[in-house]
Amino acid sequence: MNFAYPASRKADVVDEQFGEKVADPYRWLENDVRSDAEVAAWVAGQNGITQGYLAGLPGRSWFATRIRALMDYERFGLPQKAGKAYFYTRNSGLQNQSQLFVRQGLTGTPRLLIDPNTWAKDAATALDGWEPSKSGKLLAYAIQDGGSDWRSIRVIDSKTGTILADEIKWAKFTGINWIGDTGFLYSRFPAPQEGQAFQQLNKNQEVRFHRIGTPQTDDQLVYATPDHPDYGHGAQVTHDGRWMVITTSKGTDNKYEVHAMRLDKKGRWGTPQALVAGLENDWTLIEGIGNTLYFITNKDAPKLKVVKVDLAGGKVPQGGAAFTTVIPEREEVLERAQIVGDRLLVTYLKDAASIAVAYSLDGTPRREIALSAIGTASGFSGRPGDPETFYAFSSFNQPSAIYRYDSASGESTPFATPKLTFDPADYAIEQRFFTSKDGTKVPMFLVRKKSIAASGKAAPTLLYGYGGFDISLTPSFSATRMAWLEAGGAYAMVNLRGGGEYGKAWHDAGRLHNKQNVFDDFIAAGEYLISAGITPRDGLAIQGGSNGGLLVGAVTNQRPDLFAAANPAVGVMDMLRFDKFTAGRYWVDDYGYPSKEADWRVLRSYSPYHNIRSGVAYPAVLVTTADTDDRVVPGHSFKYAAALQAADPGGKPHLIRIETRAGHGAGKPTDKVVAEGADVLAFLAYWSGLKGF
């Protein structure tokens, strides 16, 4: 098969590191598509041939129709209470962006407060985080434009719907934390150099306080570390307004320093007091009650525990903070904890599925919160003294349903449940364990139609993985994935080492010099699916995004014979230069430092861009990325696609799909989700032999 790929100029660029010369002929593709005419022409040419090819695939229109139909159901976000008001998001089904509603009282009449669908003609401007003030009178909300990680923050009067003049720019990786109704804390970076907003390294993050009614230039600096420009900072305020807690990190590892500041009745803060020094352990604030602060930590507890510290008199005791254990480490991994009413509500992961338990504040277990099936529970936000909280539950065959949990009685009642266009009972969800290359047992979820599972027939299978950054993959619903299942395919999600499914040891076993374990696990998963008769030998498609895109690129290089088709999405493909752009410098905790020889040699051994070989019969590959991705800059995918096309020009298609006005994934409008899903599934279905449409 011959494709007339657009020309990708090769430049004579060679780096010499640690005595080795490494060519980088496509480095020019790192340039910003907005300002480099040659890159813009390359992108236009690549999109032209890709869209022409995808338009001719037999399943594309069917997948587009089914994905759209499967997304057409009313869905809600988790409600948040402030004063007597309840705030929540709602999407009627096919709206490009979810709207924000408010109601007075639990049974009050819903009132539309914010409609981001009116913000941009292409619907690519999204409502991101939002937070009501303590009384609920005001609400601050973050705006995401074109998929970028940058945020602007505005404020709206929740009663009148009036948008105030307040506007915050250059916020990024930030929460919004109110001090009463007077103003809020946020995290920001200095404004980037002209034309470098989507590529410049992010350094010198600060916490600032914005007082309502004042310009951003007057915002008060709360916390910064100019002597440590690589440090990032976030702020939280306890529900009673007594304490501000600053959490400091350096990379992606859950290793934090913690400082506390006492707030007076006027919301003024004192000098930062060090609760935890040194970036060594996870310290996540749960809540504060008076002068007692509750945290989750992995100090001396790899699967995490709940501790508390008493700051009597509003000060850290001389000699340092003394933490006492409230809920000791369990066999399962502690995922989240929140104080609601007079209970600690804790969610755990057991083999990557959620269980939830209510404890007394002294750590005495009270009851397990019943969940309906294998799936994922999220939410449980609230405050001490609240009579209720809300949580969401979802699974592979069950879109997210919202439940109200009574903190006193322990009863759960539906708040919002979706009306489905399919029968969840038609699908079988299994969890299987297979053996990786070094003998490690690795879990995998397998989803198929019950009729296919009962028949014993092999079906083309979509295998998905991530394997990094202590992130756990848990059961969830996807309309795109459901369309694949409706077409008769199987779906497998593997819980690779490098994730957080079994705590710190599981994460450590798949990062830095252990990164090859992640690829070995994924390859072993594919071999298991074939040997167990779940998928035919030529019917295995693979997919992963971001760090998962790196995974797909690496295993495609290492075992091109095993896979029929691959979709590396927004992937980290150049492991020797990832730390030179935007947030890439944070990832050294998982990947290592390209500037250190021992790390460099490991990175060089699996870097997808650098390990493509000429003369190898690669599977069909559809690379996906976006022009406004400032998390994993699109140059990673551009360079990888150019090298793959040059190495195997006469083989199966090696195409790249470049979305415009989109980023790393968040905030993507429904229309773009449907179009991308149809393109990707049609490609993977064609090359894996799925024809059930």
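Visitor: What makes Asp264 and Arg268 a salt bridge?

Guide: In this predicted model, the closest N and O atoms of Asp264 and Arg268 are 2.8 Å apart. The cut-off is 4 Å between a Lys or Arg side-chain nitrogen and an Asp or Glu carboxyl oxygen, so the pair qualifies.

Visitor: And why is Asp264 called partly exposed?

Guide: Its relative accessible area is 30%. Buried needs under 20% and exposed needs over 50%, so Asp264 lands in between.

Visitor: How many salt bridges does that rule give?

Guide: The count comes to 40. One of them pairs Arg27 with Asp15, with closest N and O atoms 2.2 Å apart. Arg27 sits in the loop between strand E2 and helix H1, while Asp15 is in strand E1, 12 residues away.

Visitor: Are Arg27 and Asp15 buried or partly exposed?

Guide: One of each. Arg27 has 19% relative accessibility, and the limit is under 20%, so Arg27 is buried. Asp15 comes out at 29%, therefore partly exposed.

Visitor: What makes Glu30 and Lys639 a link between distant parts of the chain?

Guide: They're 609 residues apart: Glu30 is in the loop between E2 and H1, Lys639 in helix H10. Their closest N and O atoms are 2.8 Å apart, within the 4 Å cut-off, so this is a salt bridge too.

Visitor: Why do both Glu30 and Lys639 count as buried?

Guide: Glu30 has a relative accessible area of 10%, and Lys639 has 1%. Buried means under 20%, so both pass.

Visitor: Which residues join Glu30 and Lys639 in one network?

Guide: Asp15, Asp24, Arg27, Asp574 and Arg577, through salt bridges that share partners.

Technical notes: Residues numbered from 1 in each chain as written. Predicted model: local features only at pLDDT ≥ 70, side-chain atom pairs only at ≥ 80, totals over all residues. Heavy atoms only, no water. Helix = DSSP H or I, 4+ residues; strand = E, 2+ residues; numbered from the N terminus. Buried < 20%, exposed > 50% of the residue type's maximum accessible area, 1.4 Å probe, protein only.
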